Amino acid sequence: MLEHFLQTWVKVRVSQVVPRNKPRKSFLYPSMANEEDDPIIQEIDVFLARSLLEKLYLFQYPIRPASMTYDDVTHLSAKIKPKQQKVELEMAIDTLNPNYCRSKGEQIALNVDGTCTDETSTYSSKLMDKQTFCSTQAASNVSRYAAAVYKKGELHLTPLHGILQLRPSFTYLDKADAKHREREAANEGGDSSQDEAEDDVKQITVRFSRPETEQARQRRVQSYEFLQKRQAEEHWVHLHYYGLKDSRSEHERQYLFSQGHGLAENTELIKSPSEYLMMLMPPSIEEENDKPVAPSNVLSMAQLRTLPLADQIKILMKNVKVMPFANLMSLLGSGTDSTAVLRCIQQVAMLVQGNWVVKSDVLYPKDTSSPHSGVPAEVLCRGRDFVMWKFTQDRWVVRKEVAAVTKLCPEDVKDFLEHMSVARINKGWEFMLPYDEDFVKKHPDIVQRQHMLWMGIQAKLEKVYNLLKEHLTPKKQEAQSAHPLLVSGEQRVNMAKAKVKQNYGQLEKEFQKQKAEMKSNDTSAKMDVSNIRIKEEPVSDEEPMDTSAYKGMNNGIVNGLHAEEDSTDSLNGHLPGGCIDRVAQELKAFVSSTFKKQFVLTLSELKRLFNLHLASLPPGHTLFSGISDKMLQDMVLDTGCKQILVPFPPQTAASPDELKVYALWEAGDTYDQHRQVLLEIFSKNYRVRRNVIQNQLSQECGEDLNKQEVDRVLKDCCVSYGGMWYLKGTVQS
C-alpha cells in the first residue's frame, strides 16, 4: 500500500506542538486552519526504500527479564519457515546474574534431560541457560506498516513484509513429561515376570481402504490435522545472528536508505493534489470484500432492503423459519407488491396451516450434512418434510413417532421440531402459530396449489418410509382451534347470523351469474344435444380419488375443487358454456404427452403425475374445475391406450389403483409391434425372464433383433428387479 501513495520522495511539513488544551486544526482543509497559530518550522523529505521490500520483518519481544541478553552471539540461534512466516529464537540467559535462581534452573534441566548428558540434551550445562521463543503473526495485513530511518533531515521508509510476535515456548516441559512416562514404563516393565517377556501371538486384521471420493478429499484437505501435518512438513531454515555493532549488520542497515534518490527525475510529484489525497486515503476495498453478501445471524433491515425481493424473502424465511404472510409484508416495507411477494415466497417456503414455513432444501443445501450425526442433506430434507407434512394433518406431533419413522438421531429430530413448533408437557409438540384463516380465505388459488404440492410430497414419503394408515390418517383434533375456548351462546348466534348473511349474498350473486350464463347459452346454442355429455359416476366397481388423507389441511380442497363453492354441478358435468370441451382438450393433451414419455403407467402413478401437473398450472386454469377417476380413465382409453390385465400374485399388497395398468398401444414409431408383443406377454405373466422376451419377440416379429433394439423396448415398458423383468409400476418389494 505504501508503494501506491508514496512517490520517490515527498515532503512532510512539521508544525509546532499544540498544547493539550488547544485543539489541532485540520490539515486537509487549509481554509479551516489558522496558519498563524501553527506555523511550519521544518520540512522533511520522505523517501521510499525498496532494497528490503520483501525481506524486512518486525519482531515484537516480550518484556525480558534482567538476566536475559539479546546480544550474546555465542548462545543465540535462529531458524525460520518462510512460507508460514514462523520463527524460533533461542535467547541466552545470564546464569551469573544475581536475579537468576540457580537451584530452580538445575531442577528444570534435571527434569528435562535426566541424569545422563549427551548430544540430544536440551541443557548441556545441566542448567537452564537459554529460553526458546516462538513467533505468531501479529497482523494479517502489514502493507500499511513501514520501518523509518531518520538521517540528515531525510526520512527513509521501508515497507514491512511481516510483523511477528515472539512468545516463550514451553516445549521443554513436554519433553520432561515424556521422560517421566518413559521412566514409569521402564519401572513397570522391570517388575513383570520372565514369562511376559515372550512375545504373544496376536491376530492381525487386514483392512483395505475404500477409494477416496472428491468430497471426502476436500474435507480431509480442509481438516485441522491435515493443515498441522502440512505445516510440520516444511523444513526449518537456520539463520545466522549478527549483533548490533557487527560489520555485517552495519552493511545491511544501509539498505534501509533509499538508493539513487538524488536523481533529477525523481524530485517531482507526478500526481495532482486531489489524486494524491485519494492515494493517501483510498476507499476501503477490504471492507467491501469482507462485507457479507447477506446478513446471517443479525439482520440489518437497511442493508436487507437493498437486495432483490427474492433474496430478501429468502433471508427472512431462513432466519425466522415460520411466518404469517401479514408479518412478512410488514417486514418488507410499505409499497411492496403482494403478488410479487406471493410469487417469490412459494420458491422458498411451503404453506402449513395458513402460515409459511421455509423449505428444507433452503436450510440444508446440497452437499451439506448434519452437524450432529453427519447425515447428508438429502436425508435431512426428507425427514424435515415429513415433520412439515405431519403438521398439515394435525396441530400436534409426537417426537417419538417422527424418530421411529425417519430413523434419524434425536438431535436432528429436535432441530426439525424447534423450527416450527413448541414443546408442551405431556402433550407433544404444537405448531407455534395459530391457523391463519384470513390468508386461506383471501388466496384460495395459492392454498389449492400448495395442497397439490403436498399431495406429491406425501406420495414420495409413502414410498420412502412405507407409511401405514395410522400415519396417514390425522388424529381427532381436540380443542385445537385458534379461537378462544370460552364463547357465550349469544356470541355464537351472532356469529352464525353474520356468516349466513355473508354466504347468502355470495350465493345470490353466483346464482344470478349462472342464470345469466345459462340464458345466453340457451339463446346461442339452442340446446345443441350433440354437445351435451352426461358423465356417469361409478357406483361400486370404481374408486374415486382418495382425498381423506388431506382433510387435515383445512383448506377445503377436494380433488382440485373448493368444497365451500358450489362444486356439485361441476362434478356432474354441468359446466358453463364450452368449459367441458376446454377441460377435455387440456386433459387429453396431458394424458397424450405423459404416455408418449412413459408408455406404461399405473392409475396411481398417473394420478400422482396429474396432481404435480396441476400444481404447476397458473391459478384459475380450466383443469381446476374437477377431474374424477372415471373421467381420467376414460380419457386414457380415448387417447389410444389399453388396459393391461396383469396377473398379479394373490398375496399382493398393492392398492386398487396400482393394480390398474395402462399402456400406449400405438405411438407411431417402428417399435409399436415390438411393444404390443411385449404387452401381450405381460398380460399372461406377472414377471418374465429376458431370454423368454427376446425369443417371443423374434418369433412374432419374424426377425432377429439385436441387443440394442431389445433394450430399447424393455426400457420403454419394463423395469428389472432381481433378474426378472416387470411392467413399470408393478414391482412389489
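## Close-up views of a predicted model

View 1. The 3 strands form an open sheet in the order β15-β17-β16, with antiparallel pairing. Because β15 (396-397) and β16 (421-424) stand at the edges and have a single partner strand each, one side of each is left without a neighbour in the sheet. The pairing of β15 with β17 (residues 428-431) is antiparallel and extends over 2 bridges, and here W396 has E430 in β17 as its bridge partner.

**View 2. The salt bridge between E430 and R424.** Residue E430, the bridge partner of W396, also takes part in a salt bridge through its side chain, which meets that of R424 at 3.1 Å, N to O. How accessible is E430, and how accessible is R424? E430 has a relative accessibility of 18% and so counts as buried, since the cut-off for buried is under 20%. R424, with a relative accessible area of 41%, is partly exposed.

**View 3. The largest nonpolar core.** In soluble globular proteins, nonpolar side chains tend to be buried together. The largest nonpolar core of this model has 56 residues, and I313, M317 and W356 are those with the most contacts inside it. Helix α14 (residues 377-393) gives the most to this core, contributing 8 residues. When its neighbours within four places in sequence are left aside, M317 is in contact with M323, I345, V348, A349, W356, V357 and V358.

View 4. Side chains of opposite charge can pair when their charged atoms come close. The whole structure holds 19 salt bridges, and two of them are taken up here. R102 forms a salt bridge with E106, with the closest N and O atoms 3.7 Å apart; both residues lie in helix α2 (residues 102-113), where they are 4 residues apart, or about one turn of the helix. R102, at 46% relative accessibility, counts as partly exposed, and E106 is partly exposed with a relative accessible area of 39%. In helix α6 (residues 247-253), R248 and E252 are likewise 4 residues apart, about one turn of the helix, and their side chains meet in a salt bridge at 3.5 Å, N to O. R248 is partly exposed, having a relative accessible area of 40%, and E252 is partly exposed at 31%.

**View 5. The cysteines C717 and C718.** A disulfide is a covalent bond between the sulfur atoms of two cysteines. The count for this model comes to 0 disulfides. C717 is in no disulfide, and the nearest cysteine sulfur to it, that of C718, is 5.7 Å away. C717, at 2% relative accessibility, counts as buried, and C718 is buried with a relative accessible area of 5%.

Terms used
Residues are numbered from 1 along each chain as its sequence is written. This is a predicted model: local features need pLDDT of at least 70, side-chain atom pairs count only at pLDDT 80 or more; totals for chains, interfaces and linings use all residues. Side-chain values use heavy atoms; hydrogens and water are left out. A nonpolar core is a set of buried Ala, Val, Leu, Ile, Met, Phe, Trp, Tyr and Cys residues joined through side-chain atoms within 4.5 Å. Buried means under 20% relative accessible area, exposed over 50%, partly exposed in between (1.4 Å probe, protein chains only). Contact means heavy atoms within 4.5 Å. Two strands pair if DSSP finds at least two bridges between them. A salt bridge is a side-chain nitrogen of Lys or Arg within 4 Å of a carboxyl oxygen of Asp or Glu. A disulfide is a pair of cysteine sulfur atoms within 2.5 Å.
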